[in-house]
Amino acid sequence: KQWYQRRVREELDDAGTYYNMGLRRITDPGVYNYMSTRNNNFSNRSQKGRIVITQSPFVAKKVGVAGGEVALPNGEATLVLDPDAISQAVMFYLESTDATLVQNTEEEQTARRKRREAGEEDDVDDDVNTAEDANTGDKASSVVGVFPLDVRTDKARTHLEMTFNADAADTTFVAMVSDKGTYASLPDSRIEEMGSGKAKFKISSGGKYQVLKYPYVPVIIAFCILAIVLAALFIGMAVYFKQNPDAWYRIKKNFTDV
């Protein structure tokens, strides 16, 4: 065994410092990792990389402490960082996917409680609504992923703008999923703009964000009351004319004469 390991090391050491694999076409979306076995001594030197292939709208941009913007090419979302929103330069990635964020399962909520009981730092801020307190709904926008997921920013200086589509009678809100998978809905204090198909809100970390919607309850109640009133009116008219056939005859005669 020792001879074999020594032989392998010798072969790698004898390998050339340059290798040209040529152009290769990647046809399937996914994450492809690569590394150099030659340029790697497993301590102070390693050459590794990652290639991300996606069919979704995607953009990458490095932003420093002076601030800047990262915008998806299709205009669906823009990440705006004011000066001093981050303490050091970060390579941000934005990605848009067609999906719907959903509430955590009981198992996922239990796992989060155990992390908190073990003293781990919570993966969401105290002001967001989680578990049973979080709103849920249908999708009104794409899911916008802000990467790195574990990046932390100054909430007062970091804004995410998104486009969405909802009816005037819908109630809209912003939902998120953290780097550890916690589902939450953002409070009204985070919302800077919500209307005319555009949402702007404050964020303090990477994650997945989406505008969700649900029917405006007072409107539903109003339609239900209207339907009950109309039904009662028709029933009352039917009973009245059945008991007073002459009245029904006079009405029919008036319309006929006209």
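Q: What does the lining of the second largest pocket contain by class?
A: The lining of the second largest pocket has 6 nonpolar, 2 polar and 2 charged residues; Ala, Val, Leu, Ile, Met, Phe, Trp, Tyr, Cys and Pro count as nonpolar, Asp, Glu, Lys and Arg as charged, and the others, including Gly, as polar. The model is predicted, with pLDDT of at least 70 needed for local features and 80 or more for side-chain atom pairs, while totals for chains, interfaces and linings use all residues. Residues are numbered from 1 along each chain as its sequence is written, and side-chain values use heavy atoms, without hydrogens and water.

Q: Which residues make up this lining, and which strand gives the most?
A: The lining residues are G30, V31, R50, V52, I53, T54, F58, Y93, E95 and F147. Two or more of them come from each of β1 (30-40), β2 (46-53) and β6 (90-97), and β2 gives the most, with 3 residues. Strands here are DSSP runs of E with at least two residues, numbered from the N terminus.

Q: Why is the pair of F173 and Y214 called tilted?
A: Rings of Phe, Tyr and Trp (its six-membered ring) pair if their centres lie within 6.5 Å, with planes under 30 degrees apart counted as stacked, over 60 as edge-to-face and the rest as tilted. The ring centres of F173 and Y214 are 5.9 Å apart and the planes stand at 50°, so the pair is tilted. F173 belongs to β11 (residues 170-177) and Y214 to β15 (residues 207-215), so the pair ties together parts 41 residues apart in sequence. By this rule the count comes to 3 aromatic pairs.

Q: How do you know whether F173 and Y214 are buried, partly exposed or exposed?
A: Buried means under 20% relative accessible area, exposed over 50%, and partly exposed in between (1.4 Å probe, protein chains only). F173 has 7% and is therefore buried, whereas Y214 has 30% and is therefore partly exposed.

Q: What makes β4 and β13 edge strands?
A: An open sheet of 5 strands runs in the order β4-β5-β10-β14-β13, with antiparallel pairing. β4 (68-71) and β13 (191-195) each pair on one side only. From one strand to the next, the twist averages 15°.

Q: How do you know that β5 pairs with β4 and with β10?
A: Two strands pair if DSSP finds at least two bridges between them. β4 and β5 have 4 bridges, and β5 and β10 have 5, both in the antiparallel sense. E69 stands opposite V80 in β5, and the bridge partner of L81 in β10 is T158. β4 and β5 form a hairpin with 5 residues between them, where G75 in the turn has a positive phi of about 80°.

Q: What makes β5 mostly covered?
A: Of its 5 residues, 5 are buried. A77, L79 and L81 point one way from β5, T78 and V80 the other way, and all are buried.

Q: Why are the phi values of D84 and A131 worth noting?
A: Most residues other than glycine have a negative phi. Phi of D84 is near 70°, and phi of A131 is about 55°. D84 lies in the loop between β5 (77-81) and β6 and counts as exposed at 52% relative accessibility. A131 lies in the loop between β7 (129-130) and β8 (138-139) and counts as buried at 19%.

Q: What makes the peptide bond between F147 and P148 cis?
A: The omega of this bond is about 0°. Most peptide bonds are trans. P148 is located in the loop between β9 (143-147) and β10.

Methods
On a 1 Å grid over the protein atoms alone, a cavity is a set of points where a 1.4 Å probe fits but cannot get out, and a pocket is an open set with protein on both sides within 12 Å along at least five of seven lines; lining residues have an atom within 4 Å of a point. Axes are lines fitted to C-alpha atoms, for helices over the stretch in contact, and angles run from 0 to 180 degrees between N-to-C directions.
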